[in-house]
Amino acid sequence: MTRPANTFAGLDLLAALGVVVIWGLNFVAMKYSLRDFTPFQLGFFRYVFAVLPLIFFVRKPRLSWRWLVPAGLAQLGQFGLLFVALQVGMTAALASVLMQTQVFFTTLLGVALLGERLSGPLRAGLVLAAVGLLCFGLNFAGGSATAGITVLGLVLNLGGAFMWAASNIVARKAQAAQPGYDPLQFVVWMSLVPILPFGLMAWFFEPAATHGQWRHASLGGWLGVAYLGWFATIAAYAMWTGLLKRHPANRVAPFSLGVPVIGLGAGMLTLGEGVTPWQWAGSACVVAALGVVMFGGRWMARRQALA
């Protein structure tokens, strides 16, 4: 029996799950690093680490700057907004959940801009995911569950999710315009774009008293930056971009719904964040949604073959 089109298997499946784990731990690294860096300093050093030393060994991709610049600016928006949200009022666990609203933004943008269609399993997965995100939202609907979270933090977090979706669409349109570019080359050279804007924003928008804060950063803070630059940016985004080259954007995006499951576990173990019954219910829905998206197409194809 032939494998259904757009079904994840083999190395693509391992890459998707690897990205889930790396990005799930990503939020804990952000929280640790923000103890030693301001948000825009963290963005600046994240992309400096992402670029160095690979920029000297990785050739520029067969893409014009008309694609690299928008992709880099989308990264600037995604992580600039997310880092500020984590500072002004957002937990690592909830941030890992709210960022997954990029699935819905990506789906809407993919349908509107790329003419992509929603398959049956993907629609079912998105419904389950929506129920899961609703469970997480109900957990923070009132009372002590909202401690440490502000309205501004929520809005900025959602803005970061939208910019992530925009980044997904740029990667897909770049593939359509110039097929065959190398994902690693794309991520390394795209990472040049946010460095200067992050540095300028740190200088102009953050208090002057914090300009030298990075000089006193701990080893743990620098290790967090290295993780964000080399693993969460280069390794994970190279794998993610490769998946977006080979599959529709609204087919790849739902895999990130596994990120909050890892994020919740990491928050419990390293930051002492508890998991409530609502969060467990949301995690179960997210896992179920991921299973439907991953295996629903294969199951439907098998049923059609047996019919």
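Of the contacts in the chain with a separation of 6 or more, 91% join residues 24 or more positions apart. These contacts belong to a predicted model with 13 helices and zero strands. Read from the N terminus on, the order of elements is α-α-α-α-α-α-α-α-α-α-α-α-α.

Burial and surface come next. The chain has 307 residues, and 55% of them are buried. Its accessible surface is about 13400 Å², with 72% belonging to carbon and sulfur atoms.

Helix 5 covers residues 102–114. Which residues of helix 5 are buried? They are Gln102, Val103, Thr106, Thr107, Leu109 and Gly110. An α-helix has 3.6 residues a turn, so residues three or four places apart point the same way. Among the buried residues of helix 5 are Gln102 and Thr106, as well as Val103 and Thr107. Just after helix 5 comes Gly115, which has a positive phi of about 70°.

The mean pLDDT is 83, and 90% of the residues reach 70 or more. The table gives the helices with the highest and lowest confidence.

| Helix | Residues | Mean pLDDT |
|---|---|---|
| Helix 2 (highest) | residues 39–51 | 95 |
| Helix 11 (lowest) | residues 249–252 | 70 |

Over residues 1–5 the pLDDT is below 50. Beyond near neighbours in sequence, residues 1–5 have six contacts in the model. Where pLDDT is low, the predicted coordinates should not be read in detail.

Key. Residues are numbered from 1 along each chain as its sequence is written. This is a predicted model: local features need pLDDT of at least 70, side-chain atom pairs count only at pLDDT 80 or more; totals for chains, interfaces and linings use all residues. Side-chain values use heavy atoms; hydrogens and water are left out. Buried means under 20% relative accessible area, exposed over 50%, partly exposed in between (1.4 Å probe, protein chains only). Helices (H or I, at least four residues) and strands (E, at least two) are DSSP runs, numbered from the N terminus. Contact means heavy atoms within 4.5 Å. Accessible areas come from the Shrake-Rupley method with a 1.4 Å probe; for residues, only the protein chains shown count as cover. pLDDT is the predictor's confidence in each residue, from 0 to 100.
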